[in-house]
Amino acid sequence: MRPARALVAAAAMPPFTTKRLYLIRHGQAMHNPRAEKARAEGCSHDEFLEIMRQDDHLDAPLTKLGIEQAKEGEARYGHLMQDVDLVVSSPLSRAVQTADMILPPTEANQCGATGSQSASDHARSFATSSSSGVDPKRLVMESLREVNGWLLNAKRKSRSDLESDFGPSWDFSGLENEDSLWTKELESQLECAERGYLSLLSLAERPEQKMVVVSHGGLLRFTMNMHPSVGVRDGRNTRTASDAEGIANVRCSKSRFGNCELRAYELDLVFDKDYNLEGDVDLQKLRPDVVLTEVDLEELRN
C-alpha cells in the first residue's frame, strides 16, 4: 500500500460511492472470559491462545454477560442505526446473536426459528422487535469469521443448524452446509487480514450505503492494523481530557475492539490514476487501497 497517497487521496470514485460502516465486535462468548482477563493483565499471545484452547467450545455462544453487553449495545447504539440498509455478520453464532440483539429483527421475521435452547433462544428473549422499526436485510458472510482453524470456537455450525437457530431473517445462502474452511492448523494473522480486506472490497461493491458489520476482535485488528492495502485515519472531532492537556488521542482504530463496541467509519476506495473504471470492474483483481475514516459518534447522535 502507498499509505500517504491513500490517506490523503481518500475519495469515492464512480461507480463506487462512500459507504458508512458500523463495525461491531460480538459480545463476550464462552471461550473469552479467562483469556481476555489474562490479556488485560499482560499475558503473552501464546499464553492467551493456550487459555482459549483450555476453554474451547464449538462455535462458542454468548455468555450471560455477553447477552447483557448486547442488550446495552442496543440501548446505546440502536438510534444511530435507524436508517441502515444491511446487517452483515460473521457466520459464527456469537456474532449473529449480537447482531440480532443490537439491531433486532421484526417479530414477523423471527417466526420460524425452531432451535431448542439454541443460540437464538437467548437472542430472541431480548430481540422482540426493533425499537427503531427498521428491518434491514441480513446477510451472513463467511469471510468475516474470526481467525480460522485449530480452536473449535472458530468452527461454525452447519448451515442447516444456523438456519434453524436464527430463522428466516438471515440470508445464509453464501455458506456451504458443512464448515469445510475450518482446519486443524491456525490461520496466520496475515491470512486473516487478507480475508478482512477482501470482505471490505465485497462490501464496497454492494448497492447498500449504510451497513452494520458484526465480526471479531482478531479479524478487525489484523485487517485494520496489518494489511498493506488498508489505511485507517481518525476523522473524529471529539476532544478528551487528555487532548485538552496536549496529549494526542491515540485510541482511534488501532486499539482492539471491546465486546459489543461500535465504531463508525466511512469506507472509500483509492485506485491508481491509470485504472480504467468503465464497464465491469473486478475489485478482487484491481485490489485498490481501502481507507477507513473513523466518524465521531457524538456527531451521529445529533
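1. A pocket here is an open set of points on a 1 Å grid over the protein atoms alone, with protein on both sides within 12 Å along at least five of seven lines, and lining residues have an atom within 4 Å of a point. The volume is the space filled by probe spheres set on the points, which are joined across faces, edges and corners.

2. This is a predicted model, in which local features need pLDDT of at least 70 and side-chain atom pairs count only at pLDDT 80 or more, whereas totals for chains, interfaces and linings use all residues. Residues are numbered from 1 along each chain as its sequence is written, and side-chain values use heavy atoms, with hydrogens and water left out.

3. The lining of the largest pocket comprises 24 residues, and Phe 48, Leu 49, Met 52, Glu 146 and Val 147 are those nearest its centre. Helix 2, helix 3 and helix 10 each contribute at least two lining residues, with helix 3 giving the most, 4 residues. Helices are DSSP runs (H or I, at least four residues) numbered from the N terminus. By class, the pocket lining has 8 nonpolar, 8 polar and 8 charged residues; Ala, Val, Leu, Ile, Met, Phe, Trp, Tyr, Cys and Pro count as nonpolar, Asp, Glu, Lys and Arg as charged, and the others, Gly among them, as polar.

4. Helix 2 (residues 33–40) and helix 3 (residues 45–54) have axes that come within 8 Å and cross at roughly 165 degrees. Helix 2 is therefore roughly antiparallel to helix 3 (over 145 degrees). Axes are lines fitted to C-alpha atoms, for helices over the stretch in contact, and angles run from 0 to 180 degrees between N-to-C directions. In contact (heavy atoms within 4.5 Å) are Arg 34, Ala 35, Glu 36, Ala 38 and Arg 39 of helix 2 with Phe 48, Ile 51, Met 52 and Gln 54 of helix 3. These residues divide into 5 nonpolar, 1 polar and 3 charged.

5. The axes of helix 9 and helix 10 also come within 8 Å, crossing at roughly 85 degrees. The two helices are therefore roughly perpendicular to each other (65 to 115 degrees). By class, their contact has 8 nonpolar, 3 polar and 1 charged residues.

6. The structure holds 2 cavities of 30 Å³ or more, a cavity being a set of points where a 1.4 Å probe fits but cannot get out. Helix 9 (189–205) and helix 10 (217–226) each supply at least two residues of its lining, which has 9 nonpolar, 3 polar and no charged residues.

Terms used:
Parallel < 35°, antiparallel > 145°, perpendicular 65-115°, else oblique.
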